[in-house]
Amino acid sequence: LYPACPPQELRSDRRHAGLLRHLAAVRPHLLLLNELEPRVHLDGLQRAGYDAFVALRTEKSDGEAICFDRQKLMRVESWEVRFDDLTEAAGDPRLRSPYCGLVARLQLAECDATLLVATAHLCWGSDKDDIRLLQAKQMLRKIHAKRRPREPVIFGGDFNADPASEVYRTVVRD
């Protein structure tokens, strides 16, 4: 699946050790992670000074995470976005997806200002551009519904799309 990556580097323990080395070297205030396995990663993140909002994928042991430095940002609230909701609304089984998104509000530790942060892992497959677009639009609707006036927004993730795609253009345009 990942020909450029040595197979041993894909093991959970190796990915976790690499993540902790990167955190120690860079010390980001905010980190958006896809396919995070809470049982593997959360304790190490907490020991490194991070807190996290997590949304697990349907029927999977991993999911999306919005991680933040507890000295710089404080948790306020979060909302999961289930892409299975699209299946129920449209009645199209092609839309069934274990993937999900997460939206969270964080407060800067030094003041009352807040920040809305979102991450999503959109479905993959060359024949699923239409589904990715629906998932991206669902995320954007949740972001718009939760955003306060003039509140900054950060939206990232694994969109499984290139910059020339309609998914990418829709997210950037919005």
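The charged end of R75 sits over the ring of F53, at 4.3 Å from the ring's centre; for this label, NZ of Lys or CZ of Arg has to be within 6 Å of the ring centre and within 35 degrees of the ring normal. The model is a predicted one, where local features need pLDDT of at least 70, side-chain atom pairs count only at pLDDT 80 or more, and totals for chains, interfaces and linings use all residues. Residues are numbered from 1 along each chain as its sequence is written, and side-chain values use heavy atoms, with hydrogens and water left out.

Rings of Phe, Tyr and Trp (its six-membered ring) pair if their centres lie within 6.5 Å, and planes under 30 degrees apart count as stacked, over 60 as edge-to-face and the rest as tilted. The structure holds two such pairs. This one links distant parts of the chain, with F53 in strand β2 (residues 50-56) and F68 in strand β3 (residues 63-69), 15 residues apart. Helices (H or I, at least four residues) and strands (E, at least two) are DSSP runs numbered from the N terminus. Both F53 and F68 are buried, meaning under 20% relative accessible area, while exposed is over 50% and partly exposed lies in between (1.4 Å probe, protein chains only).

Next come the nonpolar cores, sets of buried Ala, Val, Leu, Ile, Met, Phe, Trp, Tyr and Cys residues joined through side-chain atoms within 4.5 Å. In the largest, which has 22 residues, F83, V103, L122, M139, I143 and F155 touch the most other members. At least two residues each come from β4 (73-82), β6 (114-121), α4 (129-146) and α5 (166-173), and α4 gives the most, with six.

L140, another α4 residue, is buried with a relative accessible area of 8%. Leaving aside neighbours within four places in sequence, L140 is in contact (heavy atoms within 4.5 Å) with F155, T170, V171 and D174.
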